[in-house]
Amino acid sequence: MDPAFQDLDCMAILRLEAEEHERLRMPDSRPTRCEACDNDFGGLFRCRTCLWPRIVCCKCLLTAHREQPLHRIEGVPDFKGITLAALGLVVFLGHGGDKCPKGVRDGNFTILALNGAHDVTMDFCGCENAAPRGTQLEAMRLYGSAHTVLDFELVRHRVDLGLIQPERKRARKEGKGKGEGIAKGVVR
Ligand SMILES: [Zn+2]
Ligand SMILES: [Zn+2]
Ligand SMILES: [Zn+2]
């Protein structure tokens, strides 16, 4: 076992979280304002993925996650999970993160990432010279077709674990010629 985890008391960590939730539910200590803007635009939320778990309003949450659509969000003070897409986050493609004037909305989209599956709302570039949908996705390091794609980090993680074998390596093992491509992978 990694020495960093040797003395880790997982139950103690879960207890700490339960105590924190309990404290935030109490009328005296329940947060009523956003820690960033001191308002309450659209309710209060906390990101489970961000390193700094501030309690913020919906507006500040969406601003902070414009380029982080794969973070896990919980409501405050009920701590129920809710997706960024349900709160109104849209991922814009084709214009460096900005909205396309002729954007084509796809609200039925799933990204498979290291921390699970994420329902997201995508706005594809719909300009006359727009790149194909697959190319727009690849520019964001998302791979796949139709409505479900893989995040690049997930692919790399599975390659690192040996769960996907790049074709060039596989071809070498099987005694085939060089340069037969590395892009495609084989899932074992
Ligand atoms: Zn705010
Ligand atoms: Zn976050
Ligand atoms: Zn466009």
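**Cavity, metal sites and sheet**

In this predicted model, the count comes to one cavity of 30 Å³ or more. Two further topics follow: the zinc sites and the strand pairing.

**Cavity**

- The space in the largest cavity amounts to about 30 Å³.
- Its lining is made up of Pro69, Leu84, Ala85, Leu89, Val91, Asp119, Val120 and Thr121.
- By residue class, the lining of the largest cavity comprises six nonpolar residues, one polar residue and one charged residue.
- Strand 7 (residues 116-124) supplies the largest share of this lining, namely three residues.

**Zinc ion (ligand 1)**

- Four cysteines coordinate the zinc ion (ligand 1) through their SG atoms, at 2.3 Å: Cys34, Cys37, Cys57 and Cys60.
- The arrangement is tetrahedral because the four donor atoms subtend angles of 105 to 116° around the zinc ion (ligand 1), and four donors count as tetrahedral if all angles lie between 85 and 135 degrees.
- Along the sequence, the donor residues of the zinc ion (ligand 1) follow the spacing C-x2-C-x19-C-x2-C.
- Distant parts of the chain are linked by the pair Cys34 and Cys57, which stand 23 residues apart; Cys34 belongs to the loop between helix 1 (10-25) and strand 1, and Cys57 to strand 2.
- Both Cys34 and Cys57 are buried.

- Cys50, in the loop between strand 1 (44-47) and strand 2 (55-57), and His71, in the loop between helix 2 (58-64) and strand 3 (73-76), are 21 residues apart and link distant parts of the chain.
- His71 has a relative accessibility of 16% and therefore counts as buried, since buried means under 20% relative accessible area.
- Cys50, with a relative accessible area of 27%, is partly exposed, because that class lies between the 20% and 50% limits.

- An open sheet is formed by four strands in the order 2-1-3-4, with antiparallel pairing.
- Strand 2 and strand 4 (81-82) are the edge strands, each pairing on one side only.
- Three bridges join strand 1 and strand 2 in the antiparallel sense.
- Arg46 has Ile55, in strand 2, as its bridge partner.

How values were computed:
Residues are numbered from 1 along each chain as its sequence is written. Chains are lettered from A and ligands numbered from 1 in the order in which they are written. This is a predicted model: local features need pLDDT of at least 70, side-chain atom pairs count only at pLDDT 80 or more; totals for chains, interfaces and linings use all residues. Side-chain values use heavy atoms; hydrogens and water are left out. Helices (H or I, at least four residues) and strands (E, at least two) are DSSP runs, numbered from the N terminus. Buried means under 20% relative accessible area, exposed over 50%, partly exposed in between (1.4 Å probe, protein chains only). Two strands pair if DSSP finds at least two bridges between them. Donors are N, O and S atoms within 2.8 Å of the metal (3.2 Å for Na, K and Ca); water is not among the atoms, so sites may look incomplete. Four donors count as tetrahedral if all angles lie between 85 and 135 degrees; four count as square planar and six as octahedral if opposite donors are over 155 degrees apart and all others between 65 and 115; anything else is irregular. On a 1 Å grid over the protein atoms alone, a cavity is a set of points where a 1.4 Å probe fits but cannot get out, and a pocket is an open set with protein on both sides within 12 Å along at least five of seven lines; lining residues have an atom within 4 Å of a point. Grid points are joined across faces, edges and corners, and a volume is the space filled by probe spheres set on the points. Ala, Val, Leu, Ile, Met, Phe, Trp, Tyr, Cys and Pro count as nonpolar, Asp, Glu, Lys and Arg as charged, and the others, Gly among them, as polar.
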